[in-house]
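Visitor: I am new to this structure. Could you take me through it step by step?

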Amino acid sequence: MIGDVIKNNYDYTTSGREKIPLMIEQKNRAIIVGTGMATPKRILTNSELEKIVDTSNQWILSRTGIRERRILEDDHGCSDLAVEAAMVALREAGLEVSELELIIVSTVTPDYPTPSTACLVQDKLGARNAAAFDLSAGCTGFVYAMASAQGFISSGVYSNALVIGAEVLSRVTNWNDRSTCVLFGDGAGAVVLQKGDSGRGIIDFSLKSDGGGAELLYIPAGGSRKPASEESVAKHLHSVRMNGNEIFKFAVRVVDNVLEELLTRQGIKAEMLDYLFLHQANERIIEHIRKSIHLTPEKVPINLDRYGNTSSASVPMIMHEEAAAGRLKKNDLVALVAFGAGLTWGGVLLRW
Ligand code: UT7
């Protein structure tokens with residue numbers, strides 16, 4: 001199964017959809033009115049990892065761009081990071097918690113298999129008027145969650161939403177597997193979305209999937225197919241398994257395609273983008289894409305040197321850093337693009 005996507009020469013091109021004129025009506029757009037992020041205090045450096053597995057700072061830095069990552073303390077869960085990020089975003093938005101109508105948490109590392117982490121967040125925030133659910137789309141989860149929230153807002157049913165990407169990947173890491181344990185980190189990013197008709201907000205989105213590549217990046221046990229057992233624990237089947245080479249090739253192809261679809265559909269040239277916030281998986285992937293569309297490094301920021309790959313938290317975290325630093329400005333044209341387990345990939349185009 002592993003590698004089927006590539007062996008089958010699966011065609012990731014956009015099959016004409018880029019030509020369909022599509023735009024979210026101005027009066028229905030979800031505007032980001034607040035951002036936040038949270039990371040654990042504990043820093044795990046590459047040199048510490050050298051003592052755990054057969055690796056080196058030089059290998060990790062040159063192959064990935066990662067210097068250190070954050071690890072959540074014991075007895076804490078995904079919802080703790082999610083709530084911390086959410087409170088920063090809510091404060092900036094100036095929104096009363098009681099005004100929240102919808103909470104979506106994107107995560108592959110929920111506190112519990114059930115109930116959802118979003119319900120725990122709802123309770124901890126005291127958001128008594130909010131519907132709450134989790135969304136699982138791997139590292140593309142935040143992009144999927146933004147598009148979903150936009151859908152609810154376009155429907156006219158809700159006007160205020162909280163969207164969070166929160167992950168505790170350290171809990172699903174096999175610390176004996178050097179090919180994965182050096183990559184991941186814990187963190188959360190959040191945005192508050194509000195309906196508005198100023199012309200700002202989400203203009204368009206594109207979501208994609210190919211389950212044929214499911215086993216290229218997955219956690220083999222702990223679900224209904226292979227519930228937890230002594231054997232599953234002994235064989236580390238509750239940790240992330242990844243075919244890094246295949247995911248690398250997939251990522252480079254699909255990011256270009258989905259970005260092209262969105263830009264072509266909206267008649268926008270890549271150089272008109274003020275920001276491209278890419279999933280922070282590997283500096284080489286980010287740099288390859290940035291150079292292929294001729295954007296300056298300032299327009300495609302990188303923070304994975306400090307946080308590693310935080311899956312669906314990476315896009316909202318880097319977006320928050322740029323907003324908090326005052327570099328991301330009102331009316332900037334912004335694209336968010338991510339890729340990951342599923343396989344899934346997708347993008348959101350918005351005016352800040
Ligand atoms: O967020 C979800 C999406 N995930 C991604 O986008 C990840 C995409 N993939 C990647 O970022 C890269 O494929 C990796 C960083 C995971 C791996 O980099 P690579 O350049 O593809 O390395 P590789 O897997 O081809 O391994 C090259 C060599 C191998 O040794 P041999 O067979 O050439 O002797 C590995 O055993 O590097 C070895 N290696 C390591 N050496 C030191 C693998 N991991 C390590 C390590 N330290 N941590």
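Guide: Please keep in mind that this is a predicted model.

Visitor: In what sense do strand 12 and strand 13 pair, and over how many bridges?

Guide: Strand 12 (residues 333-340) pairs with strand 13 in the antiparallel sense, over eight bridges.

Visitor: How many residues lie between the strands in that hairpin?

Guide: The hairpin of strand 12 and strand 13 has three residues between the strands. Gly342, in this hairpin, takes a positive phi near 145 degrees.

Visitor: Which strand 13 residue does Phe205 stand opposite?

Guide: Phe205 stands opposite Val348 in strand 13. Strand 8 (residues 201-209) and strand 13 run antiparallel and are joined by eight bridges.

Visitor: And how many of the eight residues of strand 13 are buried?

Guide: Seven of the eight are buried, so strand 13 (residues 344-351) is largely enclosed by the rest of the structure.

Visitor: Let us change topic. What is the strand order in the open sheet of five strands?

Guide: The order is 1-7-6-4-5, and the pairing is mixed. Strand 1 (30-38) and strand 5 stand at the edges with a single partner strand each, so one side of each has no neighbour in the sheet. On average, neighbouring strands of this sheet are turned by 15 degrees against each other, direction ignored.

Visitor: How many bridges join strand 1 to strand 7?

Guide: Eight bridges join strand 1 to strand 7 (residues 186-195), and the two run antiparallel. Within this pair, Ile32 has Leu193 of strand 7 as its bridge partner.

Visitor: Which strands does helix 12 touch?

Guide: Helix 12 (residues 314-324) packs on the sheet and touches strand 1, strand 6 and strand 7. The direction of helix 12 makes about 100 degrees with that of strand 1.

Visitor: Now helix 5, please. Which of its residues are buried?

Guide: In helix 5 (residues 117-125), the buried residues are Thr117, Ala118, Leu120, Val121 and Leu125. They cover an arc of only 160 degrees around the axis, which places them on the same side of helix 5.

Visitor: What do those buried residues pack against?

Guide: The buried residues of helix 5 pack against helix 4 (78-93), as well as strand 4 (102-106), strand 5 (131-135) and strand 6 (160-168).

Visitor: Lastly, which residue just after helix 5 takes a positive phi?

Guide: That residue is Gly126, with a phi of about 75 degrees.

Technical notes:
Residues numbered from 1 in each chain as written. Predicted model: local features only at pLDDT ≥ 70, side-chain atom pairs only at ≥ 80, totals over all residues. Heavy atoms only, no water. Buried < 20%, exposed > 50% of the residue type's maximum accessible area, 1.4 Å probe, protein only. Helix = DSSP H or I, 4+ residues; strand = E, 2+ residues; numbered from the N terminus. Arc of directions from axis to C-beta. Contact = heavy atoms within 4.5 Å. Pairing = 2+ DSSP bridges. Axes fitted to C-alpha atoms, helices over the stretch in contact; angles between N-to-C directions.
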